[in-house]
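Please read the points below with the sequence and the model side by side.

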Amino acid sequence: GAVLAVLLAAAVPLGAVQTAVTAGTARARQVHGAVSGSRLFVLATSGSCLFALALWPVTPIVAGVLRLPSAMPLVVATVWLAFNGPASVLRGLLLGAGHAAPVAASLVVATVTRVVLLVVLTPGVGVAGAVAATATGELAGATVALAVSRRAGLLGPAARVRPQIGRAHV
């Protein structure tokens, strides 16, 4: 239960990132026509990976506080975080550009991958296997979103996307 709470606590702000990127992309498309989220995607990927790496050393401490028998589920959760940041940006870019079907497809791929791996990994590995299944599912879904974003021209030269929170640009 504690690991699920950690994942949910991280998922809420990532949903907000997706929403902000969606709004920024839609606005940029209205003003400039073509948009590019390349810089934003690179920033999200770099930031997510650096944040995940910064969390690794403290996972044993957090595991102790949460009274987990091992830090491994939290270590794997940091990998999920590294994939989920860029995936949120990609899905926001696609939604803002009016490509809802590929976002749905990426979520279906993520879910199917997660469920299949849950069945395979959880019996032998336990909670760490379940979290690994979640991280791998997110990677699979992010890969679909990345491929479609590239094909749709959202990751190339064009007007830059600026995520929006209210009226302020981020």
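**Notes on the model**

1. The second largest pocket has a volume of about 310 Å³. A pocket here is an open set of points on a 1 Å grid over the protein atoms alone, where a 1.4 Å probe fits, with protein on both sides within 12 Å along at least five of seven lines. Grid points are joined across faces, edges and corners, and the volume is the space filled by probe spheres set on the points.

2. This is a predicted model, in which local features need pLDDT of at least 70 and side-chain atom pairs count only at pLDDT 80 or more, while totals for chains, interfaces and linings use all residues. Residues are numbered from 1 along each chain as its sequence is written, and side-chain values use heavy atoms, with hydrogens and water left out.

3. Which residues lie nearest the centre of the second largest pocket? They are Val 3, Leu 4, Leu 7, Val 127 and Val 131, out of 18 lining residues; a lining residue has an atom within 4 Å of a point. The lining divides into 14 nonpolar residues, three polar and one charged. Nonpolar means Ala, Val, Leu, Ile, Met, Phe, Trp, Tyr, Cys and Pro; charged means Asp, Glu, Lys and Arg; the others, Gly among them, are polar.

4. Four helices, α1 (2-32), α4 (72-96), α5 (100-125) and α6 (127-151), each supply at least two residues of that lining. The largest share, six residues, comes from α1. Helices (H or I, at least four residues) and strands (E, at least two) are DSSP runs, numbered from the N terminus.

5. On confidence, the chain averages a pLDDT of 86, and 92% of the residues score at least 70. The pLDDT is the predictor's confidence in each residue, from 0 to 100. Where pLDDT is low, the predicted coordinates should not be read in detail.

6. How far apart are the end C-alpha atoms of α5? They are 35 Å apart, which agrees with the 38 Å that its 26 residues should span at 1.5 Å a residue. The expected span is 1.5 Å times one less than the number of residues. At Leu 118, α5 bends by about 35°, the bend being the angle between axes fitted to the seven residues ending there and the seven starting there. Pro 102, Val 103, Ser 106 and Ala 110 of α5 are buried. Buried means under 20% relative accessible area, exposed over 50%, and partly exposed in between (1.4 Å probe, protein chains only).

7. Helix α4 has 25 residues and reaches 36 Å from its first C-alpha to its last, close to the 36 Å expected. It is mostly covered, with 20 of its 25 residues buried. After α4 comes Gly 98, with a positive phi near 85°.

8. Helix α6 also has 25 residues, and its reach from first C-alpha to last is 36 Å, close to the expected 36 Å. Just after α6, Gly 153 takes a positive phi of about 75°.

9. Arg 67 sits in the loop between α3 (59-65) and α4. Its phi is positive, about 60°, although it is not a glycine. Is Arg 67 buried or exposed? Its relative accessibility is 75%, so Arg 67 counts as exposed.

10. Leu 14 lies in helix α1 and counts as buried because its relative accessibility is 12%. Its C-alpha is separated by 6.2 Å from that of Ser 88, 74 residues apart along the chain. Gly 15, in helix α1, is partly exposed, with a relative accessible area of 34%. The C-alpha atoms of Gly 15 and Ala 77 are separated by 17 Å.
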